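Work through these exercises with the model open. Each task is followed by a solution in steps.

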Amino acid sequence: VQSKANKYKIAVIPGDGIGKEVIEAALAVLDALASAGGSFVLDYEHFDWSSERFKTTGSYMPDSFLDVLQPKDAIFFGAVGDPTVPDHISLWSLLLPIRQRFQQYANVRPIRVLKGIKSPLADCKPGDLDWVIVRENSEGEYAGQGGRTHQELAIFSRHAIRRIFRFAFEVAEKRPRKLLTFVTKSNAQRSGMVLWDEVAYEVAKEYPHVTMDKMLVDAMTTRMVLRPESLDTIVATNLHADILSDLAAALAGSIGIAPTSNLDPTRRAPSMFEPVHGSAPDISGKGIANPIAAFWTAAEMLDWLGEKADAKLLMEAIESVCGRGILTKDLGGSANTAEVTDAVCTAIKESA
Ligand code: ATP
Ligand code: MG
């Protein structure tokens, strides 16, 4: 019954390039889910914060962005990036200030081989690659410190390391295998990374039911490719996890399927949900972007809001469509964004 539905205030920031296309597709899918008996109602407010806005007004978003976003229950974000603006300018003008100022310190990137999608790894079936990558999202190599005379400074604090490890252990503990792999480079980086290792073993004592193992980041890349089934939950620094999660997405079929949650686990600030991929200027405007990353992101948002049944239903609809071979070009298919979107909406209606 509509009146019993839980209402959430969502800030929608489609951003640039294919961000606009996949967010529009995801809103259609969320609408289909809500009207197919979903237990939620989403109250959207749209924001045109983007490179376009920057080029006409001189800023990506208003100075008041924190006040504007604070009352929201979640932020649904597309992508930022424009061929005419250096990436470090656009990223530091829109996405990173929100992540950092709201202390969305846990960046969660689930990735698995979905039914119907072929991994580039030979014989890799659904279940063989099923990971959650937890990325430290507040400091590390993206602290924004340092300058050109010295190297970019990586900041590691005991406080931030401890909270991301606790978060990662909580994730690992809820998954059947209870296995956490932590990624490091403490053999060569002898300050921050050694602290990272030290805190890992400290926090591990609080979670005796989770098995933890340690991987150097270089060796981790080979393990992901050669023994994907040996991994489950992964925790890594801001930069390491950024790189590993692009690899993970490619191994699961395409960067076009991978979701991200930028969480403030304390729930003091709204969390932000976005596809892993960027604005993809090379394919934007063509209507061929894979919308699955945005759909999966929407499912992660619903899950975080507490709408677990609808999140699950959405994932099942996505997998049933992929299973029927309705795939975009990046996944080896010939469907466009609209066709995949329509198919997922139909699957939702049929399963309701
Ligand atoms: P940005 O500057 O915003 O980071 P980018 O082009 O550097 O953009 P991505 O947007 O992630 O980085 O794109 C990397 C490659 O993956 C591009 O070739 C792009 O076309 C492809 N790609 C990314 N997202 C998708 C998607 N949803 N569907 C299909 N292809 C995608
Ligand atoms: Mg780029």
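**Exercise 1. Find the bridge partner of Val132 in β10.**

Step 1. The model is predicted, so read every pairing as computed from it. Locate Val132; its bridge partner in β10 is Thr233.
Step 2. Widen the view to the strands. β5 covers residues 130-136 and β10 covers residues 233-236. Four bridges link β5 and β10, and the pairing is parallel.
Step 3. Look at what lies on the sheet. Helix α9 packs there and touches β4 (106-112), β5, β8 and β10. The direction of α9 makes about 155 degrees with that of β5.

**Exercise 2. Give the strand order of the open sheet and say which strands stand at its edges.**

Step 1. Ten strands make up the open sheet, in the order β2-β1-β3-β12-β11-β4-β5-β10-β8-β9. The pairing is mixed.
Step 2. The edge strands are β2 (40-46) and β9. Each has a single partner strand, so one side of each lacks a neighbour in the sheet.
Step 3. From one strand to the next, the twist averages 25 degrees.

**Exercise 3. Describe how α8 packs against α9.**

Step 1. Helix α8 spans residues 217-226 and helix α9 spans residues 238-251. Their axes come within 11 Å and cross at roughly 15 degrees.
Step 2. Angles under 35 degrees count as roughly parallel. α8 and α9 are therefore roughly parallel to each other.
Step 3. The crossing is right-handed.
Step 4. List the contacts. Val217, Met220, Thr221, Met224 and Val225 in α8 meet His240, Leu244, Leu247, Ala248 and Leu251 in α9.
Step 5. Sort them by class: eight nonpolar, two polar and no charged residues.

**Exercise 4. Describe how α1 packs against α10.**

Step 1. The helices are α1 (residues 18-35) and α10 (residues 292-305). They pack at about 50 degrees, with axes 8 Å apart.
Step 2. That angle makes α1 oblique to α10.
Step 3. α1 and α10 cross in the right-handed sense.
Step 4. On the α1 side, the contact residues are Val22, Ile23, Ala25, Ala26, Val29 and Leu30. They meet Ala293, Ala294, Phe295, Thr297 and Ala298 in α10.
Step 5. By class, this contact of α1 with α10 has ten nonpolar residues, one polar and no charged.

Technical notes:
Residues numbered from 1 in each chain as written. Chains lettered and ligands numbered in written order. Predicted model: local features only at pLDDT ≥ 70, side-chain atom pairs only at ≥ 80, totals over all residues. Axes fitted to C-alpha atoms, helices over the stretch in contact; angles between N-to-C directions. Helix = DSSP H or I, 4+ residues; strand = E, 2+ residues; numbered from the N terminus. Parallel < 35°, antiparallel > 145°, perpendicular 65-115°, else oblique. Left-handed = near helix turned anticlockwise from the far one by under 90°. Contact = placed C-beta atoms within 7 Å. Nonpolar A, V, L, I, M, F, W, Y, C, P; charged D, E, K, R; others polar. Pairing = 2+ DSSP bridges.
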